[in-house]
Amino acid sequence: MAPMKLYGATMSWNVTRCAVALEEAGAEYEIVPINFATAEHKSPEHLARNPFGQVPALQDGDLCIWESRAICKYAARKNKPELLKEGNLVESAMVDVWMEVEANQYTSVLDAILFQCLISPMLGGTTDQKVVEDNLEKLKKVLEVYEARLTKYKYLAGDFLSLADLNHVSATLCLFATPHASVLDGYPHVKAWWSSLMERPSVQKVAALMKP
Ligand SMILES: N[C@@H](CCC(=O)N[C@@H](CSO)C(=O)NCC(=O)O)C(=O)O
(Lines give C-alpha, C1' and ligand atoms only; values in the text may rest on other atoms or scores of the structure.)
Protein backbone atom coordinates (compact mmCIF):
# COMPACT_ATOMS: atom_id res chain seq x y z
CA MET A 1 0.00 0.00 0.00
CA ALA A 2 1.33 3.47 -0.84
CA PRO A 3 2.28 5.58 2.17
CA MET A 4 -0.34 7.94 3.54
CA LYS A 5 0.07 11.61 2.64
CA LEU A 6 -0.16 14.25 5.37
CA TYR A 7 -0.66 17.63 3.74
CA GLY A 8 0.63 20.68 5.59
CA ALA A 9 3.65 22.43 7.03
CA THR A 10 5.60 21.19 10.07
CA MET A 11 5.43 24.77 11.40
CA SER A 12 1.78 24.05 12.23
CA TRP A 13 1.08 22.30 15.52
CA ASN A 14 -2.16 21.04 14.03
CA VAL A 15 -0.15 19.27 11.32
CA THR A 16 2.51 17.94 13.70
CA ARG A 17 -0.21 16.72 16.08
CA CYS A 18 -1.01 14.24 13.29
CA ALA A 19 2.67 13.42 12.77
CA VAL A 20 2.98 12.37 16.43
CA ALA A 21 -0.01 10.02 16.11
CA LEU A 22 1.25 8.62 12.80
CA GLU A 23 4.74 8.07 14.25
CA GLU A 24 3.40 6.47 17.42
CA ALA A 25 1.15 4.23 15.34
CA GLY A 26 4.11 3.19 13.21
CA ALA A 27 2.26 4.28 10.07
CA GLU A 28 3.93 4.66 6.68
CA TYR A 29 3.36 8.30 5.73
CA GLU A 30 4.95 11.29 4.08
CA ILE A 31 4.44 14.98 4.72
CA VAL A 32 3.47 16.92 1.59
CA PRO A 33 4.08 20.65 2.08
CA ILE A 34 1.29 23.07 1.22
CA ASN A 35 2.50 26.55 0.29
CA PHE A 36 0.51 29.23 2.10
CA ALA A 37 2.45 31.97 0.30
CA THR A 38 0.81 30.95 -2.96
CA ALA A 39 -2.52 30.19 -1.24
CA GLU A 40 -2.12 26.55 -2.24
CA HIS A 41 -4.35 25.66 0.72
CA LYS A 42 -7.19 27.41 -1.14
CA SER A 43 -6.46 25.67 -4.45
CA PRO A 44 -9.14 23.40 -5.97
CA GLU A 45 -6.81 20.45 -5.44
CA HIS A 46 -6.50 21.13 -1.72
CA LEU A 47 -10.15 22.13 -1.28
CA ALA A 48 -10.93 18.65 -2.57
CA ARG A 49 -8.86 17.30 0.35
CA ASN A 50 -10.21 19.75 2.96
CA PRO A 51 -13.29 21.79 1.92
CA PHE A 52 -12.37 24.43 4.52
CA GLY A 53 -9.09 25.12 2.75
CA GLN A 54 -7.01 24.36 5.83
CA VAL A 55 -4.15 22.06 6.82
CA PRO A 56 -3.77 19.31 7.84
CA ALA A 57 -5.46 16.86 5.50
CA LEU A 58 -4.63 13.19 5.21
CA GLN A 59 -4.92 11.01 2.11
CA ASP A 60 -4.88 7.24 2.55
CA GLY A 61 -5.65 5.57 -0.77
CA ASP A 62 -9.06 6.88 -1.86
CA LEU A 63 -9.83 8.21 1.63
CA CYS A 64 -9.24 11.90 2.33
CA ILE A 65 -9.88 13.27 5.83
CA TRP A 66 -9.20 16.50 7.66
CA GLU A 67 -9.35 17.99 11.18
CA SER A 68 -6.16 17.06 13.00
CA ARG A 69 -7.78 15.15 15.86
CA ALA A 70 -9.91 13.06 13.47
CA ILE A 71 -6.72 12.25 11.55
CA CYS A 72 -5.02 11.25 14.81
CA LYS A 73 -7.90 8.94 15.74
CA TYR A 74 -7.83 7.40 12.26
CA ALA A 75 -4.11 6.73 12.49
CA ALA A 76 -4.52 5.18 15.95
CA ARG A 77 -7.61 3.13 15.02
CA LYS A 78 -5.89 1.78 11.90
CA ASN A 79 -2.43 1.03 13.31
CA LYS A 80 -2.46 1.15 17.14
CA PRO A 81 -6.06 0.93 18.49
CA GLU A 82 -4.84 0.50 22.05
CA LEU A 83 -4.17 4.24 22.02
CA LEU A 84 -7.98 4.68 22.04
CA LYS A 85 -8.86 1.81 24.42
CA GLU A 86 -12.02 1.27 22.35
CA GLY A 87 -12.48 -2.27 23.71
CA ASN A 88 -12.94 -0.90 27.23
CA LEU A 89 -15.99 1.29 27.88
CA VAL A 90 -14.63 3.10 30.92
CA GLU A 91 -11.07 3.56 29.70
CA SER A 92 -12.20 4.71 26.25
CA ALA A 93 -14.57 7.19 27.90
CA MET A 94 -11.67 8.71 29.82
CA VAL A 95 -9.60 8.85 26.63
CA ASP A 96 -12.49 10.75 24.99
CA VAL A 97 -12.79 13.12 27.95
CA TRP A 98 -9.13 14.07 27.92
CA MET A 99 -9.02 14.37 24.12
CA GLU A 100 -11.82 16.92 24.42
CA VAL A 101 -10.03 18.63 27.31
CA GLU A 102 -6.89 18.92 25.19
CA ALA A 103 -8.83 20.59 22.41
CA ASN A 104 -11.23 22.79 24.36
CA GLN A 105 -9.42 23.64 27.61
CA TYR A 106 -5.68 23.25 27.00
CA THR A 107 -4.80 23.93 23.35
CA SER A 108 -7.56 26.50 22.90
CA VAL A 109 -5.75 28.63 25.51
CA LEU A 110 -2.27 27.71 24.29
CA ASP A 111 -3.23 28.66 20.72
CA ALA A 112 -3.63 32.29 21.77
CA ILE A 113 -0.19 32.33 23.43
CA LEU A 114 1.52 30.60 20.50
CA PHE A 115 -0.11 32.92 17.97
CA GLN A 116 1.09 36.00 19.82
CA CYS A 117 4.58 34.66 20.51
CA LEU A 118 5.33 32.72 17.33
CA ILE A 119 2.95 33.41 14.46
CA SER A 120 2.34 37.13 14.78
CA PRO A 121 6.08 38.04 14.84
CA MET A 122 6.70 35.65 11.94
CA LEU A 123 4.06 37.53 9.95
CA GLY A 124 5.70 40.87 10.79
CA GLY A 125 3.24 41.65 13.55
CA THR A 126 3.73 42.40 17.24
CA THR A 127 3.14 40.35 20.38
CA ASP A 128 0.21 41.54 22.49
CA GLN A 129 1.61 40.89 25.95
CA LYS A 130 -1.77 41.36 27.60
CA VAL A 131 -3.23 38.55 25.50
CA VAL A 132 -0.24 36.42 26.46
CA GLU A 133 -0.53 37.21 30.18
CA ASP A 134 -4.31 36.72 30.23
CA ASN A 135 -4.02 33.32 28.56
CA LEU A 136 -1.11 32.27 30.76
CA GLU A 137 -3.40 32.84 33.75
CA LYS A 138 -6.08 30.72 32.08
CA LEU A 139 -3.47 28.05 31.31
CA LYS A 140 -2.41 27.96 34.98
CA LYS A 141 -6.00 27.17 36.00
CA VAL A 142 -6.06 24.34 33.44
CA LEU A 143 -2.69 23.06 34.65
CA GLU A 144 -4.02 22.92 38.22
CA VAL A 145 -6.58 20.36 37.01
CA TYR A 146 -3.87 18.47 35.14
CA GLU A 147 -1.62 18.44 38.20
CA ALA A 148 -4.38 16.96 40.35
CA ARG A 149 -5.13 14.31 37.70
CA LEU A 150 -1.49 13.41 37.12
CA THR A 151 -0.93 13.11 40.87
CA LYS A 152 -3.34 10.18 40.75
CA TYR A 153 -2.50 8.65 37.37
CA LYS A 154 0.65 8.33 35.24
CA TYR A 155 -1.19 9.57 32.18
CA LEU A 156 -4.28 11.70 31.64
CA ALA A 157 -6.84 8.97 30.86
CA GLY A 158 -5.41 6.58 33.45
CA ASP A 159 -2.29 4.51 34.10
CA PHE A 160 -1.88 3.94 30.36
CA LEU A 161 -0.60 6.09 27.52
CA SER A 162 -3.37 7.15 25.15
CA LEU A 163 -3.96 9.41 22.20
CA ALA A 164 -5.21 11.99 24.70
CA ASP A 165 -1.64 12.42 25.98
CA LEU A 166 -0.09 12.40 22.51
CA ASN A 167 -2.50 15.05 21.19
CA HIS A 168 -0.92 17.52 23.63
CA VAL A 169 2.59 17.10 22.27
CA SER A 170 2.78 19.36 19.22
CA ALA A 171 1.38 22.52 20.83
CA THR A 172 3.40 21.92 24.00
CA LEU A 173 6.58 21.56 21.94
CA CYS A 174 5.75 24.99 20.50
CA LEU A 175 5.35 26.39 24.04
CA PHE A 176 9.02 25.58 24.54
CA ALA A 177 9.81 27.82 21.55
CA THR A 178 8.32 30.76 23.49
CA PRO A 179 9.66 32.47 26.66
CA HIS A 180 6.80 30.92 28.67
CA ALA A 181 7.57 27.19 29.02
CA SER A 182 8.48 27.92 32.65
CA VAL A 183 4.75 28.08 33.34
CA LEU A 184 4.98 24.28 33.65
CA ASP A 185 7.52 24.53 36.49
CA GLY A 186 4.75 25.12 39.03
CA TYR A 187 3.23 21.70 38.30
CA PRO A 188 5.67 18.85 39.12
CA HIS A 189 3.43 15.98 38.04
CA VAL A 190 2.69 17.76 34.75
CA LYS A 191 6.46 18.19 34.27
CA ALA A 192 7.02 14.48 34.95
CA TRP A 193 4.25 13.57 32.50
CA TRP A 194 5.78 15.83 29.86
CA SER A 195 9.25 14.37 30.45
CA SER A 196 7.92 10.85 29.95
CA LEU A 197 6.27 11.89 26.69
CA MET A 198 9.50 13.55 25.55
CA GLU A 199 11.35 10.25 26.00
CA ARG A 200 9.24 8.62 23.28
CA PRO A 201 10.98 8.14 19.92
CA SER A 202 7.81 9.29 18.13
CA VAL A 203 7.87 12.58 20.01
CA GLN A 204 11.60 13.08 19.55
CA LYS A 205 11.25 12.53 15.78
CA VAL A 206 8.48 15.13 15.51
CA ALA A 207 10.36 17.55 17.78
CA ALA A 208 13.28 17.31 15.35
CA LEU A 209 10.89 17.96 12.43
CA MET A 210 9.62 21.13 14.12
CA LYS A 211 13.04 22.75 14.64
CA PRO A 212 12.98 25.99 12.57
N1 LIG B 1 -9.35 22.43 13.73
C2 LIG B 1 -8.40 22.34 12.64
C3 LIG B 1 -7.60 23.62 12.56
C4 LIG B 1 -6.77 23.69 11.29
C5 LIG B 1 -6.16 25.04 11.08
O6 LIG B 1 -6.55 26.04 11.72
N7 LIG B 1 -5.19 25.11 10.17
C8 LIG B 1 -4.55 26.41 9.88
C9 LIG B 1 -3.03 26.31 9.87
S10 LIG B 1 -2.46 25.37 11.10
O11 LIG B 1 -2.88 26.09 12.39
C12 LIG B 1 -4.94 26.78 8.48
O13 LIG B 1 -4.97 25.94 7.60
N14 LIG B 1 -5.20 28.07 8.32
C15 LIG B 1 -5.50 28.60 7.01
C16 LIG B 1 -6.93 29.05 6.95
O17 LIG B 1 -7.66 28.86 7.96
O18 LIG B 1 -7.30 29.62 5.91
C19 LIG B 1 -7.47 21.12 12.87
O20 LIG B 1 -7.23 20.83 14.05
O21 LIG B 1 -7.02 20.52 11.89
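**The ligand and its surroundings**

Guide: In this predicted model, a polar side-chain atom of Asn 14 lies 2.9 Å from an oxygen atom of the ligand.

Visitor: How far does a polar side-chain atom of Glu 67 lie from a nitrogen atom of the ligand?

Guide: Glu 67 is one of the residues that surround the ligand, as are Ser 68 and Arg 69. Here the side chain supplies the polar atom, and its distance from the ligand nitrogen is 2.7 Å.

Visitor: What share of the area that the ligand exposes when taken alone does the protein bury?

Guide: The reference is the ligand taken alone, which exposes 520 Å². Of that area, the part buried by the protein is 70%.

Visitor: How many residues of the shell around the ligand are polar by class?

Guide: The surrounding residues include Ser 12, Phe 36, His 41 and Lys 42. Sorted by class, the shell has three nonpolar and three charged residues, and the number of polar ones is six.

Visitor: What distance separates the centres of domain 1 and domain 2?

Guide: The domain assignment places domain 1 at 4-83 and domain 2 at 89-205. With the centres taken over C-alpha atoms, the separation is 21 Å.

Definitions and conventions. Residues numbered from 1 in each chain as written. Predicted model: local features only at pLDDT ≥ 70, side-chain atom pairs only at ≥ 80, totals over all residues. Heavy atoms only, no water. Near = heavy atom within 4 Å. Polar contact = N/O pair within 3.5 Å; in protein donor to acceptor, adjacent residues only side chain to side chain. Areas by Shrake-Rupley, 256 points an atom, 1.4 Å probe, with all protein chains shown as cover. Nonpolar A, V, L, I, M, F, W, Y, C, P; charged D, E, K, R; others polar. Domains from an automatic or database assignment.
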